[in-house]
Amino acid sequence: EMSEMSERSKQNVAHGLAWSYYVGYLKIVLPRLKKSMEEFSRAHPNVLACRKTWKLHILVPLSCDVYDDLEKADSNIQYMTDLSETTLARAGTKKRVYKHSLYAVRDEENQLWHCAVEYATPLQCLHAMSQDECAAFSREERLEQAKLFYRTLEEILKGSKECADAYRLIAYEEAEEAEPHFLSREIVWHLRQEHHEETAVLEGSHPHSPSTALASAELDLQISVSDLPQPLRTDGF
């Protein structure tokens with residue numbers, strides 16, 4: 001009976017997608033990411049100068065709109081190169097390749113910021129389900145599932161020793177009016193926070209979490225108060 005209730009309310013969809021994403025991908029690639037970043041940094045010492053940015057920046061758009069080409073999502077995001085590949089035998093596939101792409105992100109002052117960034121691919125599944133009559137996902141249900149996916153993934157990664165300090169989740173909801181450089185500003189905001197964190201550590205002070213960072217509590221509040229999207233940021237971007 002509980003299983004049927006869960007199926008009807010679709011509560012298990014985002015939860016399962018988050019665990020699958022972690023076990024089948026993040027738990028494999030994130031422990032190896034620092035080494036790839038270090039190799040690249042030795043060859044290009046001025047590109048990734050801030051070690052706090054040596055992470056996989058995972059984009060979590062609550063709309064579930066995922067672009068296969070980040071450069072088409074925002075012209076201020078430009079592909080640079082790929083980090084070194086990880087090749088593993090996986091589920092019967094010989095030499096399965098895992099790799100990440102480095103991007104240069106231009107800010108409003110024309111300064112370039114460099115990082116590894118990609119979308120959380122399970123969101124493509126949620127978006128496709130909302131377009132499929134068999135899944136019967138409404139736009140509101142998709143939004144709730146996206147929030148649940150984020151909260152679940154955040155909790156999983158917080159408890160993962162293997163993935164510690166190798167990722168940064170960037171959850172956001174785009175404005176109703178199209179902004180051509182919304183995504184690049186969002187990424188740069190997080191990169192600036194990482195630079196501030198590294199500076200604070202070097203100076204001996206205690207780094208603090210930015211007050212505008214999206215937290216699970218905020219998402220809980222959004223779900224309980226209203227079915228409509230709520231603002232996730234208050235820093236003016």
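A: Strand β2 (residues 77-82) and β5 pair in the antiparallel sense over five bridges. This is a predicted model, in which local features need pLDDT of at least 70, side-chain atom pairs count only at pLDDT 80 or more, and totals for chains, interfaces and linings use all residues. Residues are numbered from 1 along each chain as its sequence is written, and side-chain values use heavy atoms, with hydrogens and water left out.

Q: Why are β5 and strand β6 (residues 112-119) said to pair?
A: Strands, which are DSSP runs of E with at least two residues, numbered from the N terminus, pair if DSSP finds at least two bridges between them. β5 and β6 have five bridges, in the antiparallel sense, so they pair. The bridge partner of Y103 in β6 is C115, while Y79 has Y103 as its bridge partner in β5.

Q: What makes E194 buried?
A: Buried means under 20% relative accessible area, exposed over 50%, and partly exposed in between (1.4 Å probe, protein chains only). E194 has a relative accessible area of 0%, so E194 is buried.

Q: Why is C125 called partly exposed?
A: The relative accessible area of C125 is 33%, and therefore C125 is partly exposed.

Note on methods: Helix = DSSP H or I, 4+ residues; strand = E, 2+ residues; numbered from the N terminus.
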